[in-house]
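Please go through the model below with this report at hand. The headings follow the chains, then a metal site, then selected residues.

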Amino acid sequence: MSHRAALGTLAIGGNPLVSRRVLSSVGEWGGARVGARGAGLSTSMASAEELRLVARIATGDEAALRQLYARYGSLVYSIAVRVTGDRCAAEDVAQQVFIRVWERPAGFDPERGSLRTWLATLAHSRAVDHVRREQACHRREQRQLPGAPSDVEEVATSSAVAERVGRAVDALPDDQRVAVLLAYYDARTYREVAAELDIPEGTAKSRLRLGLRRIARCLEQEGLGAWT
Amino acid sequence: MTHEEAAGLLGAWALDACEDAEAASVERHLASCADCRVEAASLTRAAAGLGELAAGA
Ligand SMILES: [Zn+2]
């Protein structure tokens, strides 16, 4: 299935992402509102435009949700497919992420980062949850983890960021790079990283922190600490 | 959880590599520690950058 076709399956009844049942349940839920604290808040982390988009979603504006999806759907899906190694699961994860935004837009904290960062964070955490649930269910000895499927190559991405992150990752000391990649892409806990690499847990924790710090510093040096 | 314990876990936390109870403890600490919040935000952006790499790979 092509990447675009996979995303297409999220569209239900002409309404991207969200079924009528979900949409109608939003009324019952009542909805948090970001508008009050979001509007007028000037921050280097999230742009005013992003705050407006989330504020519109908080008012139940479906066009705003479609816009969000058009902009970030492929990023969310790509992260999910990379971590779960499973396109069906990745579709579920992507749907969960956008439903979550629709239902709880107030979860977006502009002081903690851009909208793009928030969605990437949600995608990763949902994908990791999926992998851990699967592991708990099956306790498989080894999980098949296919590499990123080749048709993900066509995904539009923030290529400047990807390129710089790629360089930052390449420049990491080997021990940090291995630990960071195991944790992020293979959904390993730091304890699993420690066991796998046969190092103390404290060492695993510090490699993850130091490695991420170096990546963060590279992004910040290039003025990309708060891309949108 | 002390500041040192939480700070030591921030990388794992940003990578979703803590167990649930630990992640919750880190988040409780973040609510009361501005220094850790700053680092957590920075590490979260770095982790999201790895997601960009997945999308661009
Ligand atoms: Zn602290």
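## Chain B overall

Buried residues make up 65% of the 57 residues in chain B. Buried means under 20% relative accessible area, exposed means over 50%, and partly exposed lies in between, with a 1.4 Å probe and protein chains only. Chain B exposes about 2,200 Å². Carbon and sulfur atoms supply 54% of that area. Accessible areas come from the Shrake-Rupley method with a 1.4 Å probe; for residues, only the protein chains shown count as cover.

Chain B has three helices and zero strands. The order from the N terminus is α-α-α. Helices (H or I, at least four residues) and strands (E, at least two) are DSSP runs, numbered from the N terminus. Along the principal axes, the C-alpha atoms of chain B fill a box of roughly 40 × 20 × 15 Å. Take the contacts in chain B between residues at least 6 apart in sequence: 53% join residues at least 24 apart. Contact means heavy atoms within 4.5 Å.

## Basis of the model

This is a predicted model: local features need pLDDT of at least 70, side-chain atom pairs count only at pLDDT 80 or more, and totals for chains, interfaces and linings use all residues. Residues are numbered from 1 along each chain as its sequence is written, chains are lettered from A and ligands numbered from 1 in the order in which they are written, and side-chain values use heavy atoms, with hydrogens and water left out.

## The zinc site

Which residues coordinate the zinc ion? The donors are His3(B) through ND1, His29(B) through NE2, Cys33(B) through SG and Cys36(B) through SG. Their distances run from 2.0 to 2.3 Å. Donors are N, O and S atoms within 2.8 Å of the metal (3.2 Å for Na, K and Ca); water is not among the atoms, so sites may look incomplete. In sequence, the donor residues are spaced H-x25-H-x3-C-x2-C.

The arrangement is tetrahedral because the four donor atoms subtend angles of 105 to 120° around the zinc ion. Four donors count as tetrahedral if all angles lie between 85 and 135 degrees. Both His29(B) and Cys36(B) are buried.

## Chain A overall

Chain A holds eleven helices and zero strands. Its elements run α-α-α-α-α-α-α-α-α-α-α from the N terminus on. Of its 228 residues, 46% count as buried.

The accessible surface of chain A comes to about 10,800 Å². Carbon and sulfur atoms account for 48% of that surface. Among the contacts in chain A with a separation of 6 or more, 71% come from residues 24 or more positions apart.

## Helices α5 and α6 of chain A

Helix α5 (residues 62–84) of chain A packs against helix α6 (residues 87–103) of chain A at an angle of about 145°. Their axes are 8 Å apart. Axes are lines fitted to C-alpha atoms, for helices over the stretch in contact, and angles run from 0 to 180 degrees between N-to-C directions. The crossing of α5(A) and α6(A) is right-handed. Contacting residues include Leu65(A), Tyr69(A), Tyr72(A) and Val76(A) of α5(A), and Ala90(A), Val93(A), Ala94(A) and Val97(A) of α6(A). A crossing is left-handed if the near helix is turned anticlockwise from the far one by less than a right angle, and right-handed if clockwise.

Val76(A) lies in helix α5 of chain A. Val76(A) counts as buried because its relative accessibility is 0%. Leaving aside neighbours within four places in sequence, Val76(A) is in contact with Ala94(A), Val97(A), Phe98(A), Leu119(A) and Ala123(A). Ala90(A) lies in helix α6 of chain A. Its relative accessible area is 0%, so Ala90(A) is buried. Not counting residues up to four places away in sequence, Ala90(A) touches Tyr77(A), Ala80(A), Val81(A) and Thr84(A).

## Positive phi in two loops

Ala187(A) is not a glycine, although its phi is positive, at about 60°. Ala187(A) is found in the loop between α9 (174–185) and α10 (190–197) of chain A. Is Ala187(A) buried or exposed? Ala187(A) counts as buried because its relative accessibility is 1%.

Asp16(B) is not a glycine, although its phi is positive, at about 55°. Asp16(B) lies in the loop between α1 (3–14) and α2 (20–32) of chain B. With a relative accessible area of 19%, Asp16(B) is buried.

Methods. Four donors count as tetrahedral if all angles lie between 85 and 135 degrees; four count as square planar and six as octahedral if opposite donors are over 155 degrees apart and all others between 65 and 115; anything else is irregular.
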